[in-house]
Amino acid sequence: MSLRHGLLSLLAGQPMSGYDLARFFSVSMGNVWPAQHGQIYPELAKLASEGLITQTGDGPRGRKTYETTEAGFQALRVWAQKAETDYSVRYEPLLRVFCMWSLSPDEAVACLQADREEYRRHLENLEGVVATRDWSANGTARSARLAIEFGRRFYSMQVAWADWAIGQVRAGILDDGGPVPPVTSLADWS
């Protein structure tokens, strides 16, 4: 996915300003594709110059609202149907887990507990988003709800995994000659 496709998708659902888009990204797409104001505004300018979005209004303090054009909608459809998807994962917290052998058990547990807290915080934020929005407004909102459900399940799994990993470290897996973590089913995590 690219930022441009996320913007085209959101603007196809309803006209929004750059500020509105940044807010919506943070609460709906942040678990999939985070974006900051500094990334959104230049991309909006590019999309407008390419005729993929159009400005639909002006507001106070230079606020501009945009919506996806028919050409933008068609570009979004082509991308959604035919883009080659990158399924590789680069996830720094998990890379750190690969290096936990270099930490004491207490240090490793502290890192895992910090990660768990971050996963729980993200999960709590998504739970709040789900509870406070009308997901029936349009197809864009309903699609966003599907992506948010992935985020909810992803962070829930990470919390459960962190609890499991903390238990494994406390059981001595980092000790020389310690036990090998067992293969478990996801049901064993709860």
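Predicted model: local features only at pLDDT ≥ 70, side-chain atom pairs only at ≥ 80, totals over all residues.

Student: Start with charges. How many salt bridges does a search of the whole structure find?

Tutor: The search gives twelve salt bridges. One of them pairs Asp20 with Arg63, with the closest N and O atoms 2.5 Å apart.

Student: Where do Asp20 and Arg63 lie?

Tutor: Asp20 is in helix α2, and Arg63 is in the loop between β2 (53-58) and β3 (64-68).

Student: Is Asp20 buried or exposed?

Tutor: Asp20 counts as buried, at 19% relative accessibility. The cut-off for buried is under 20%. Arg63 counts as partly exposed, at 33%.

Student: Which residue does Arg116 meet in a salt bridge?

Tutor: Arg116 meets Asp163, at 2.4 Å from N to O. Arg116 sits in helix α6 and Asp163 in helix α7, so this pair links parts 47 residues apart in sequence. Arg116 is partly exposed, with a relative accessible area of 25%. Asp163 is partly exposed too, at 36%.

Student: And Arg153 and Glu149, how far is N from O there?

Tutor: The distance is 2.9 Å in that salt bridge. Both residues are in helix α7, four residues apart, which means about one helical turn separates them. Arg153 is exposed, with a relative accessible area of 59%. Glu149 is buried, at 18%.

Student: Which residues are joined with them into one network?

Tutor: The network holds Glu127, Arg145, Glu149, Arg152 and Arg153, joined by salt bridges that share partners.

Student: New topic. How many residues are in the largest nonpolar core?

Tutor: That core has 29 residues. Leu7, Leu11, Leu21, Phe25, Ile40, Leu44 and Ile53 touch the most other members. Elements giving two or more residues to the core are α1 (3-13), α2 (18-29), α3 (37-49), α6 and α7.

Student: Take Ile40. What does Ile40 touch, not counting residues up to four places away in sequence?

Tutor: With those left out, Ile40 touches Leu3, Leu7, Gly18, Leu21, Ala22, Phe25 and Ala35.

Student: What does the second, separate core include?

Tutor: That core has nine residues, among them Ala108, Leu112, Ala165 and Ile166.

Student: Cysteines next. How many disulfides does the count come to?

Tutor: Zero disulfides.

Student: Now Asp115. Where is Asp115 placed?

Tutor: Asp115 is in helix α6 (residues 105-132). Asp115 is buried, with a relative accessible area of 9%. Its side chain makes a polar contact with the side chain of Arg96, at 2.5 Å. Leaving out residues up to four places away in sequence, Asp115 touches Pro93 and Arg96.

Student: Last one, Asn138. Where does Asn138 lie?

Tutor: Asn138 is in the loop between α6 and α7 (139-170). A polar atom of the Asn138 side chain lies 3.1 Å from the backbone nitrogen of Thr140. Not counting residues up to four places away in sequence, Asn138 touches Gly13 and Gln14.

Definitions and conventions:
Residues numbered from 1 in each chain as written. Heavy atoms only, no water. Buried < 20%, exposed > 50% of the residue type's maximum accessible area, 1.4 Å probe, protein only. Polar contact = N/O pair within 3.5 Å; in protein donor to acceptor, adjacent residues only side chain to side chain. Contact = heavy atoms within 4.5 Å. Disulfide = S-S within 2.5 Å. Core = buried A, V, L, I, M, F, W, Y, C linked by side-chain atoms within 4.5 Å. Salt bridge = Lys/Arg side-chain N within 4 Å of Asp/Glu carboxyl O.
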